[in-house]
Amino acid sequence: MEKETVQIRISVRNLVEFIMRGGDIDNRRGNISDKDAMQAGSRIHRKIQKQMGGDYRAEVVLKKCVEMDSYEISVEGRADGIFTEGDIVYIDEIKGIYKELHYLEKPVPTHKAQAMCYAYFHGEEIGAVQIGVQMTYVNIETEDIRRFSEVFSLDYLREWFYAMMKEYKKWTDYQYEARKLRQESIKKIEFPFPYREGQRNLAVSVYRTIERKKTLFLQAPTGIGKTMSAVFPAVKAVGEELGEKIFYLTAKTITRTVAEEAFEILRQKGLFFKTVTITARDKLCFLEERECNPDVCPYAKGHYDRVNDAIYDLLVNERKADRELLLAYAKKHEVCPFEMCLDVSIFSDGVICDYNYVFDPNVKLKRYFSEGIKGEYLFLVDEAHNLVERAREMYSASLYKEDFLEMKRMMLPYSKKIAADLERCNKNMLALKRECESFQVLENAGTLSLQLTRLYGDIESFLDEHRSFEYTQKLVEFFLKVRQFLNIHDMLDESFRVYTEHTPDGGFLIRLFCVHTAGVIRECLAKGSSTIFFSATLLPIGYYKELLGAQPEDYAVYTASPFDRRKRCLLIGSDVSSRYTRRNRSEYSRIYRYIRELTEAKRGNYMVFFPSYKLMQEVYETAAEEGIPERTTIFMQKNSMTEAEKEEFLLRFESTDSGVQIAFCVLGGIFSEGIDLKEERLIGTIIVGTGLPQICVEREILKDYFEEKEQNGFDYAYRFPGMNKVLQAAGRVIRTREDKGVILLLDERFMESRYQQLFPREWSDIRATTVRDAGKRVREFWGSFEK
């Protein structure tokens with residue numbers, strides 16, 4: 001049997017951008033090369049294609065396989081159009097831009113190079129002697145068109161293309177050798193630990209889902225080893241050619257660390273698998289205040305001239321690229337560590353990153369997820385319950401009336417044209433403001449989108465001509481807000497709502513609000529081949545399946561907790577409430593009595609989660625007035641804590657002496673999920689309230705939307721998100737088989753069936769208590785371990 005040829009794939013766009021780049025990073029100007037990736041650009045593409053007549057072939061997939069000694073390179077892409085004029089066949093490359101076309105004297109080199117690649121591929125297919133390239137630039141606002149045409153001999157294109165491939169061979173040689181080592185190591189690797197109860201079935205479910213190119217929703221308790229149960233079968237699937245790259249997606253820094261550790265454990269067992277952790281641009285920047293232009297940043301100046309050497313140096317010397325290593329190699333080669341990090345991902349087997357690098361329309365990695373680009377990617381989505389709200393925010397956009405006035409005053413001395421654009425937008429916003437009492441849901445954004453399109457184009461042209469002026473940074477920030485608004489505006493469908501609102505601080509905004517996230521998430525995940533959503537709190541599963549874009553044929557698995565229930569005391573305080581109507585000194589005193597009853601039953605470390613900073617402060621003041629026992633310390637989470645303050649807060653739990661430490665925290669905040677306090681470091685959690693989000697415009701819009709769909713709007717807008725926060729906070733206590741602890745839910749509403757049906761199955765032994773007998777019950781629980 002003939003051995004299958006190893007194939008290395010790259011998109012035409014990624015190839016030409018990687019080989020042809022040079023010079024500086026400079027964020028002071030509009031970068032028109034990326035605008036075609038926006039929704040408006042896609043709409044323009046389709047419109048131009050329809051106007052070109054019946055002989056025009058649109059969206060033609062083209063590829064070229066280049067044989068090397070031991071492997072072949074598949075260069076792939078999609079031409080916007082192919083047409084014939086006279087005796088010449090032309091490749092048409094369409095780019096929608098906001099910039100005025102008279103500023104464009106010639107095609108952007110990378111755009112032209114993409115079209116030349118397609119021309120060579122198609123010319124060879126049809127046996128042409130010569131073939132034409134047409135660059136079609138369309139102004140998105142005016143729909144004016146400017147075309148650049150050129151005819152090439154096929155011999156010229158062949159020589160040009162193979163010269164580019166010769167330059168790229170160094171990189172594909174590396175990829176081939178690294179891939180060979182990776183595949184050989186995967187065959188030998190075994191699960192690194194003895195399987196815990198339920199863990200093997202979990203890993204098998206992940207592998208089978210990937211094998212069938214489906215999506216899995218995995219609800220599994222903390223401590224079962226979800227991370228390794230997802231990573232190991234995904235790595236095995238890569239070894240069986242079921243995927244080409246793993247994207248491990250997280251919502252928080254701490255879960256990225258857990259993923260890094262999982263891959264490192266497998267590497268220590270013999271796995272050859274390159275991973276890169278993408279860290280936020282600001283956290284990788286060498287400057288105190290990030291400013292990405294060559295006049296300020298020495299790493300931006302000449303970055304593209306040096307970055308390929310930096311990448312190759314790191315690849316041949318390291319097995320991973322975490323934050324520390326990226327900074328070290330970037331400093332050594334004097335390049336931007338963030339941009340280098342993105343390039344390293346191309347040659348990595350695993351990418352560990354925040355959700356936004358896959359889902360956010362402005363931040364997602366265009367080299368993998370642009371329109372027309374797809375790969376055999378495996379998406380492992382950790383803490384997947386967070387993705388619903390994150391996706392809502394990514395696919396929503398706001399503009400404030402006050403910003404238009406401020407920008408108008410700022411720009412008037414520099415550009416009367418932009419000032420006039422801003423005045424038109426401001427007048428439009430003023431008319432909307434007069435029609436709005438508190439908030440108003442609109443059918444659409446009206447003529448504002450057209451005015452913003454003109455404004456966007458004029459700002460882009462201004463930035464091209466004025467690379468540095470007094471207010472560059474402010475103008476760029478506003479420019480990006482307008483881009484976000486226009487981008488989201490072109491996605492609007494029945495999953496969105498448009499509304500205006502008078503804000504509490506006296507401002508006025510218009511907002512494009514993504515209500516139902518399924519469509520946008522599904523579209524992103526379609527760029528890969530399989531997705532695993534996993535979390536300890538993916539309940540109710542139907543809610544998450546709907547909003548995360550599940551298809552009828554996708555799978556869901558519920559893994560029961562393997563922990564001994566006798567090591568966990570689970571109580572509901574049935575004579576207390578956090579309802580607004582019950583918030584008074586008497587109720588605060590009752591909450592504090594519960595805290596004392598629990599913490600006096602056994603000394604140790606506890607966390608109390610409150611629904612708001614205000615209620616937390618009220619109970620703290622009550623505790624101070626009524627008296628805090630000796631050897632008991634209460635400390636509180638602050639709003640907007642720095643990284644150092646967060647670390648200091650958590651370090652207090654390392655102390656396990658005979659005193660009592662009580663941390664007052666906010667439910668749904670930074671300490672209610674993603675922290676790992678095992679054994680004696682945390683022995684009890686009290687959760688005050690049902691976690692319901694505060695009533696606000698967007699929650700009411702959500703409620704109304706789902707009620708229009710004949711679903712329970714209150715559940716979707718309030719109860720389900722609230723209970724998820726409760727379950728996450730409760731999960732801080734029992735982390736390992738050795739852990740013992742108490743979970744106390746303080747709100748009479750937890751006694752209602754509509755809340756209890758949202759509890760995990762393993763909570764079937766939950767019991768009601770009152771403040772009178774809570775201490776006795778908890779002492780009995782701890783006493784059972786002394787017999």
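Seven strands form an open sheet in the order β21-β22-β20-β23-β24-β19-β25, with parallel pairing. The edge strands, β21 (632-636) and β25 (767-769), each pair on one side only. From one strand to the next, the twist averages 20 degrees. The model is predicted.

- Strand β19 (residues 568-573) pairs with strand β24 (residues 741-746) in the parallel sense, and the pairing covers six bridges.
- Within this pair, Cys-569 has Val-742 of β24 opposite to it.
- Helix α25 (residues 713-730) packs on the sheet and touches β20 (605-610), β23 (684-688) and β24. The direction of α25 makes about 165 degrees with that of β23.

- In strand β22 (residues 660-666), seven of its seven residues are buried, and the strand is mostly covered.
- In a regular strand, side chains alternate between the two faces of the sheet.
- Val-660, Ile-662, Phe-664 and Val-666 point one way from β22, while Gln-661, Ala-663 and Cys-665 point the other way. Residues on both sides of β22 are buried.
- On one side, β22 pairs with β20 in the parallel sense over six bridges. Met-607 has Ala-663 of β22 as its bridge partner.

- Strand β7 (residues 215-219) is mostly covered, with five of its five residues buried.
- Both faces of β7 are covered: one side carries Thr-215, Phe-217 and Gln-219, the other Leu-216 and Leu-218, and all of them are buried.
- β7 pairs in the parallel sense with strand β17 (residues 530-535) over five bridges, and with strand β18 (residues 555-558), also in the parallel sense, over four bridges.
- Leu-216 takes part in both pairings: its bridge partner in β17 is Ile-532, and in β18 Leu-216 stands opposite Tyr-555.

**Helices α15 and α18**

- The axes of helix α15 (residues 401-411) and helix α18 (residues 472-489) come within 11 Å and cross at roughly 140 degrees.
- The crossing of α15 past α18 is left-handed.
- On the α15 side, the contact is made by Asp-403, Phe-404, Glu-406, Met-407, Met-410 and Met-411. On the α18 side, Lys-474, Leu-475, Phe-478 and Lys-481 make the contact.
- By class, the contact of α15 with α18 has six nonpolar, no polar and four charged residues.

**Ala-330**

- Ala-330 lies in helix α10 (residues 323-333).
- The relative accessible area of Ala-330 is 0%. Buried means under 20% relative accessible area, so Ala-330 is buried.
- Not counting residues up to four places away in sequence, Ala-330 touches Phe-286, Tyr-299, Val-335, Cys-336, Pro-337 and Met-340.
- Ala-330 and Ile-634 are 304 residues apart in sequence, and their C-alpha atoms are 44 Å apart in space.

Notes. Residues are numbered from 1 along each chain as its sequence is written. This is a predicted model: local features need pLDDT of at least 70, side-chain atom pairs count only at pLDDT 80 or more; totals for chains, interfaces and linings use all residues. Side-chain values use heavy atoms; hydrogens and water are left out. Two strands pair if DSSP finds at least two bridges between them. Helices (H or I, at least four residues) and strands (E, at least two) are DSSP runs, numbered from the N terminus. Axes are lines fitted to C-alpha atoms, for helices over the stretch in contact, and angles run from 0 to 180 degrees between N-to-C directions. Contact means heavy atoms within 4.5 Å. Buried means under 20% relative accessible area, exposed over 50%, partly exposed in between (1.4 Å probe, protein chains only). A crossing is left-handed if the near helix is turned anticlockwise from the far one by less than a right angle, and right-handed if clockwise. Ala, Val, Leu, Ile, Met, Phe, Trp, Tyr, Cys and Pro count as nonpolar, Asp, Glu, Lys and Arg as charged, and the others, Gly among them, as polar.
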